[in-house]
Amino acid sequence: MKIIHAKDYEDMSRKAASIIAAQVILKPNCVLGLATGTTPIGTYQNLVEACKNGDCDFSEVSTYNLDEYRGLDHDDPQSYHFFMRDNLFDHVNIDLANTHVPDGSNPDAAAACAEYDKIVAEAGYTDLQLLGIGNNGHIGFNEPDDHFSAGTHCVDLTESTIQANSRLFEKEEDVPRQAYTMGTQTIMYSRMILVVANGEKKAQAVHDMCFGPIAPSCPASILQLHPNCVVVADDAALSMCEGLY
Ligand code: GLP
């Protein structure tokens, strides 16, 4: 794992966007794995700027998102479909037909997940997978468990995740209790992984991801086994890793 120290959120966002832009420049028809959450919003803003400046051309890029809440329509403002259009897709020259997010509106979980696995595999998996990290070490919506997950599956969200994500909903009861998520194995198939993390709330998870035992109780810890994983984190998120890297 390569750890890149960023001063603050803005610095983290610029560095992460530069890495993604470099990937797009090196391979214009690359396959990007994308993430939602508050953390990558600044990264997306920098990519939008890079696209406007002519430094990053998304016309041949295709994308596969990590996850989606089960039961939300694509136009629901809380859906990750909406989030991606709002934060990135509507502002860059990407062909929407080349963007993919698990279909949370399909109530048939087995069919929705199997279909997503099929299209990610057909794309040859991702060249670069962007990841945020949950306070409890989750990646995508792969929550702490007694085993690592494989392909796309339906998960029951933990209380900790429901609570953490409730800040984005009007009431905690509004947070969907289930989601479809790419599995840990699929994430590991990516040729490169880029984790972004900021803030004190992520310090324990970042420490456990980078230096804790590799165990499904911290799903992100498996990234220690990835041959090309880069973590870009700010001062606060790295506060428990001092002297370790
Ligand atoms: C959600 C998403 C994850 C994300 C995590 C952290 O649960 N499914 O992909 O990494 O939240 O979100 P945030 O960046 O808002 O802290």
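1. A salt bridge here is a side-chain nitrogen of Lys or Arg within 4 Å of a carboxyl oxygen of Asp or Glu. Lys and Arg count as positive, Asp and Glu as negative; His and the chain ends are not counted. Buried means under 20% relative accessible area, with a 1.4 Å probe and protein chains only.

2. The model is predicted: local features need pLDDT of at least 70, side-chain atom pairs count only at pLDDT 80 or more, and totals for chains, interfaces and linings use all residues. Residues are numbered from 1 along each chain as its sequence is written, and side-chain values use heavy atoms, leaving out hydrogens and water.

3. D67 is buried without a salt bridge. K202, the nearest side chain of opposite charge, is 12 Å away. D67 belongs to strand β4, residues 67-69 (strands are DSSP runs of E, at least two residues, numbered from the N terminus).

4. What does the side chain of D67 reach at 3.4 Å? The backbone nitrogen of F141. Beyond neighbours within four places in sequence, D67 is in contact (heavy atoms within 4.5 Å) with residues including T36, Y80, G140 and Y180.

5. Seven strands form an open sheet, ordered β1-β10-β9-β6-β2-β3-β5, with parallel pairing. Its edge strands, β1 (2-6) and β5 (99-100), each pair on one side only. Pairing requires at least two DSSP bridges. Parallel strands β2 (31-34) and β3 (62-65) share four bridges. V31 sits opposite S62 in β3.

6. The whole structure has zero disulfides (cysteine sulfur pairs within 2.5 Å). C113, buried at 6% relative accessibility, has its closest cysteine sulfur in C154, 6.2 Å away, so too far for a bond.

Technical notes. Buried means under 20% relative accessible area, exposed over 50%, partly exposed in between (1.4 Å probe, protein chains only). A polar contact is a pair of N or O atoms within 3.5 Å; within protein, one must be able to donate a hydrogen and the other to accept it, and residues adjacent in sequence count only if both atoms are side-chain atoms.
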